[in-house]
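I opened this notebook to record what I looked up in the structure, entry by entry.

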Amino acid sequence: MWRLKSKTNNDNLNTDSGKEYLTMSTLELNDISYKYNNAQTRAVSNAACKFEPGHLYAIVGPSGSGKSTLLSMLAGLDLPTDGEIHYDGESLTKLDLDRYRRESVTMIFQQFQLFPLFTITENVCFPMELQGVQPRDAKVKAEKLLESVGITKEQFKRFPSKLSGGEQQRVAIARSLATGAKILLADEPTGNLDVANTEKIMAILSKLARDKGYCVIVVTHDMDVANAADIVYQMRDGQLKEVSRLAGV
Ligand SMILES: Nc1ncnc2c1ncn2[C@@H]1O[C@H](COP(=O)(O)OP(=O)(O)OP(=O)(O)O)[C@@H](O)[C@H]1O
Ligand SMILES: [Mg+2]
């Protein structure tokens with residue numbers, strides 16, 4: 001059952017401080033596996049866990065261990081070849097996957113992937129305009145979102161290439177929030193950043209999870225990034241295992 005409607009979805013774009021848990025957004029993995037066509041072994045093998053709102057998760061593991069494959073299933077880009085993923089109790093196989101990808105999950109990447117020929121504000125407006133938000137309203141919300149990730153007014157009309165890597169990733173976060181989705185997936189979001197910018201990005205992701213109720217899942221090679229998470233999973237040869245959890249979580 002859909003708990004997010006297009007309109008209410010963007011009502012979630014509350015950039016004020018304070019806790020908000022307007023949607024549930026829990027992902028439950030029931031023994032999921034994934035085998036690529038022609039592959040000998042499974043890239044993901046019997047993964048079982050629950051990702052809940054209000055928490056920041058890290059997934060670590062060596063290259064080729066299946067982290068991105070797992071993330072692409074969580075994003076609804078691929079369905080497990082065995083097992084099921086449940087979103088708020090409903091199997092992804094029963095949901096409108098296009099809508100799930102558009103409204104329920106959002107992703108940020110190592111290379112930021114902003115539209116180079118759009119200004120920063122236009123980048124953040126884009127997902128809202130796709131959802132039918134009036135351009136004027138989208139602009140107001142985009143600017144609030146940009147400010148909430150520390151982008152200044154003077155930068156609003158710049159093109160992405162005129163920002164530092166850390167700033168570009170913060171714009172990418174603002175754009176992903178503009179979708180209204182409450183599950184934020186990040187594949188090596190700090191892989192191109194220095195220590196100071198990595199800390200800034202992790203502080204934002206942590207605040208989104210802990211103060212705003214997002215479910216944030218970060219794939220990383222960086223143990224400092226993993227240490228910022230509430231719960232850490234390790235992938236090894238496609239198998240997912242919880243390796244640490246903050247006390248009280
Ligand atoms: N399209 C594909 N077709 C066949 N095999 C694939 C495909 N994509 C990935 N694989 C294989 O699946 C396994 C898991 O890959 P995946 O990209 O999920 O690993 P990863 O943990 O994200 O690695 P990295 O840390 O290098 O990004 C690897 O053995 C990889 O070669
Ligand atoms: Mg990967």
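**Ligand shell.** I began with the shell around ligand 1, which by class has four nonpolar, seven polar and one charged residues; here Ala, Val, Leu, Ile, Met, Phe, Trp, Tyr, Cys and Pro count as nonpolar, Asp, Glu, Lys and Arg as charged, and the others, Gly among them, as polar. I note that this is a predicted model, in which local features need pLDDT of at least 70 and side-chain atom pairs count only at pLDDT 80 or more, while totals for chains, interfaces and linings use all residues. Residues are numbered from 1 along each chain as its sequence is written, and chains are lettered from A and ligands numbered from 1 in the order in which they are written.

I listed the residues around ligand 1 (C-beta atom, placed from the backbone, within 6 Å of it), and among them are Tyr-36, Ala-39, Gly-64, Lys-67, Thr-69 and Met-235. The largest share of this shell, three residues, is contributed by helix 2 (residues 67-74); helices (H or I, at least four residues) and strands (E, at least two) are DSSP runs, numbered from the N terminus.

I then traced an open sheet of six strands, ordered 6-7-8-3-9-10 with mixed pairing, where two strands pair if DSSP finds at least two bridges between them. Strand 6 (105-109) and strand 10 (239-245) stand at its edges with a single partner strand each, so one side of each is left without a neighbour in the sheet. Strand 9 (residues 231-236) runs antiparallel to strand 10 and is joined to it by six bridges, and I found Gln-234 opposite Lys-241 in strand 10.

A further open sheet has four strands in the order 2-1-4-5, with antiparallel pairing. Two bridges join strand 4 (residues 82-87) to strand 5, and Tyr-87 has Glu-90 in strand 5 as its bridge partner.

**Helix packing.** Which angle do the axes of helix 4 and helix 6 make where they cross? For helix 4 (residues 120-130) and helix 6 (residues 165-177) I noted a crossing at roughly 25°, with the axes coming within 7 Å; axes are lines fitted to C-alpha atoms, for helices over the stretch in contact, and angles run from 0 to 180 degrees between N-to-C directions. Helix 4 is therefore roughly parallel to helix 6, a term for angles under 35 degrees.

In the contact (C-beta atoms, placed from the backbone, within 7 Å), Ile-120, Asn-123, Val-124, Phe-126 and Pro-127 of helix 4 meet Val-171, Ala-174 and Arg-175 of helix 6. By class, I recorded six nonpolar, one polar and one charged residues there.

Technical notes: Angles under 35 degrees count as roughly parallel, over 145 as roughly antiparallel, 65 to 115 as roughly perpendicular and the rest as oblique. Two residues are in contact if their C-beta atoms, placed from the backbone, lie within 7 Å.
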